[in-house]
Amino acid sequence: MTTIQTFAGLGLGLRRSHYHDFLEGEVAVDFLEIISENYMVAGGKPRDVLSRVRERYPVAMHGVSLSIGSAHGLDADYLRRLRELADWLDPLWVSDHLCWTRTSAHNSHDLLPLPYTRAALDVVCDNIDRAQQAMGRAMLFENPSSYCAFPGNEMEEWEFIAAMARRTGCYLLLDVNNVFVSAHNHGFSARDYIAGLPLERVRQVHLAGHTPGEIVIDTHDREICDGVWRLFAEVSDMLGDAAVMIERDDAIPPLAELLAELDIARAMQQAGAKVAA
Amino acid sequence: MSAQAELAAQQAEFMAHVMADALALPSGWNARFASGLDIYRNAYRTRLVEALRDTFPRTVQWVGDEAFAAAAAHHLITTPPSSWTLDHAGLGFPEVLGELFANDPEVPELAWLEWAMHTAFVAADAAPLTRERFVAATAGFAGEDWAEMRLIFQPAVQTCSVAHDIAKLWNALKQDEAVGDYTLAQPGGLVVWREGLSPVFRMADRTDAEALALLQSGASYGEACSLLADRLGPEEAAALAGSLLGQWLADGLLVGVSV
């Protein structure tokens with residue numbers, strides 16, 4: 001499978017309310033990430049905006065509907081459209097989540113948790129092989145956040161991800177917030193989780209906000225909390241030249257607020273690099 | 001049991017609990033698991049109802065939030081989502097509204113317009129056929145070529161027969177001034193298309209919408225003229241056919257012609 005080169009940049013998600021900023025202004029980001037499905041359309045404004053954004057910024061594709069953990073395999077029409085978009089856009093890389101979204105009959109439009117069993121690992125690896133073959137490129141898969149764990153799990157989530165990357169040659173998108181959320185919800189150590197991952201396969205990092213509670217919910221609707229920042233600060237020097245991005249999907253603030261958060265990430269990266277040196 | 005079958009069984013069970021209330025938890029699923037499952041179940045409903053609200057804002061405004069939410073929940077149960085994109089959640093929803101609001105037939109017509117505008121927004125791009133290009137394309141036509149001519153419309157074009165002045169209702173809702181009865185004196189039509197990147201619509205005469213729909217289905221210009229002749233007589237039909245063609249060209253609905 002193809003190699004994905006590192007891209008040591010800091011970026012933001014491309015959201016509608018910021019279209020004008022990115023098309024008309026000079027925004028201090030190294031790359032933008034799109035939600036792939038929003039642009040897997042025949043034409044119109046979304047594709048027009050994206051073509052103009054692409055002239056100004058490198059773009060990473062991040063999907064939510066591949067359903068790589070689906071027992072019923074992959075949706076051929078979806079893959080064809082994803083490939084068409086990737087061929088047209090020439091992105092830095094194409095990512096999705098380690099999760100499942102649908103059965104053969106219905107789509108939940110949510111990132112549902114997988115059982116971490118050898119059977120599920122076999123299915124996921126077969127699906128990743130097929131997806132990477134169909135895309136003609138290696139892909140990144142993001143560690144999920146989850147609110148319940150299947151009884152009968154045979155391995156830890158990070159062991160599942162490490163085995164998946166080893167068997168398929170895929171790369172990883174490390175969502176630090178998801179590690180924080182799931183560590184709280186399932187009672188594991190976030191540090192153990194990250195230490196158990198093959199970090200040399202990480203090409204991108206997500207930072208985001210969540211809703212606290214007895215069960216923490218991954219809402220992406222607020223600023224990044226101190227706990228997530230602390231976790232990122234602890235691991236940033238271990239992530240090499242992975243690209244880092246702030247992921248906000250709801251209650252989207254003015255761009256300046258997200259750029260200020262990106263400055264914090266930049267400062268932490270630089271501090272981490274100094275410590276490592 | 002194969003890996004695929006084992007996982008398929010787990011996912012089918014999990015999905016059933018996401019989509020429905022009050023199913024007994026299988027053995028091994030404890031209260032903590034049930035709490036987590038509640039979050040997925042609530043998110044599923046909220047996300048889909050919100051997607052419908054975003055796609056049909058004027059319908060929400062017209063029928064009221066509570067009635068819309070009930071209709072959306074009904075749609076979700078009777079037509080659970082199967083497409084890979086949430087953008088398709090509204091497919092079939094105007095028809096569902098037609099059943100639920102049988103005494104308010106303007107509701108499905110308004111929803112049809114919102115759905116048509118939604119889909120036109122992301123329809124394939126196509127350069128409109130200018131009047132000059134149309135003249136050039138048809139310059140060599142012999143008499144029978146006109147009857148055999150097929151019109152090629154931009155992919156965003158959609159038509160619908162309506163019994164209400166949906167344009168007037170649409171604009172009144174925009175001004176938050178919608179009240180009363182919008183029934184048309186004569187049945188009419190709606191035409192949706194895209195001007196550049198912007199979806200647009202206009203009310204149309206019934207014959208305009210029906211002729212356009214017939215031509216879109218692949219019928220020839222001659223067959224559309226026959227439809228008009230059946231309704232209006234040959235002389236008036238010929239004049240109207242030319243007038244409609246001019247209107248469609250001026251609107252930018254056409255992208256080409258073929259014989």
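Accessible areas here come from the Shrake-Rupley method with a 1.4 Å probe. On that basis, chain A has an accessible surface of about 10400 Å², and 48% of this surface belongs to carbon and sulfur atoms. The structure is a predicted model.

**Chain A: fold and dimensions**

- Chain A contains nine helices and ten strands.
- Its radius of gyration is 18 Å, close to the 19 Å that the globule rule gives for 277 residues, so chain A is as compact as a globular protein of that length.
- Taken along the principal axes, the box filled by the C-alpha atoms of chain A is roughly 50 × 45 × 35 Å.
- Of the contacts in chain A between residues at least 6 apart in sequence, 78% join residues at least 24 apart.

**Chain A: burial and charge**

- Of the 277 residues in chain A, 60% are buried.
- Chain A carries 24 positive and 40 negative charges.
- The mean position of the positive charges of chain A and that of the negative charges are 5 Å apart.

**Chain B: domains**

- The domain assignment divides chain B into domain 1, residues 1-104, and domain 2, residues 124-259.
- Between the C-alpha centres of domain 1 and domain 2 of chain B the distance is 37 Å.

**Chain B: B:Arg133**

- B:Arg133 belongs to helix α7 of chain B, which covers residues 131-138.
- Neighbours within four places in sequence aside, B:Arg133 contacts B:Ala127, B:Pro128 and B:Val255.

**Chain B: B:Asp251**

- B:Asp251 sits in helix α12 of chain B, which runs over residues 234-251.
- B:Asp251 has a relative accessibility of 16%; buried means under 20%, so B:Asp251 counts as buried.
- With residues up to four places away in sequence left out, B:Asp251 touches B:Trp193, B:Glu195 and B:Arg202.

Conventions
Residues numbered from 1 in each chain as written. Chains lettered and ligands numbered in written order. Predicted model: local features only at pLDDT ≥ 70, side-chain atom pairs only at ≥ 80, totals over all residues. Heavy atoms only, no water. Helix = DSSP H or I, 4+ residues; strand = E, 2+ residues; numbered from the N terminus. Buried < 20%, exposed > 50% of the residue type's maximum accessible area, 1.4 Å probe, protein only. Contact = heavy atoms within 4.5 Å. Domains from an automatic or database assignment. Rg over C-alpha atoms; globule rule 2.2 N^0.38 Å. Lys, Arg positive; Asp, Glu negative; His and termini not counted. Charge placed at Lys NZ, Arg CZ, Asp CG, Glu CD.
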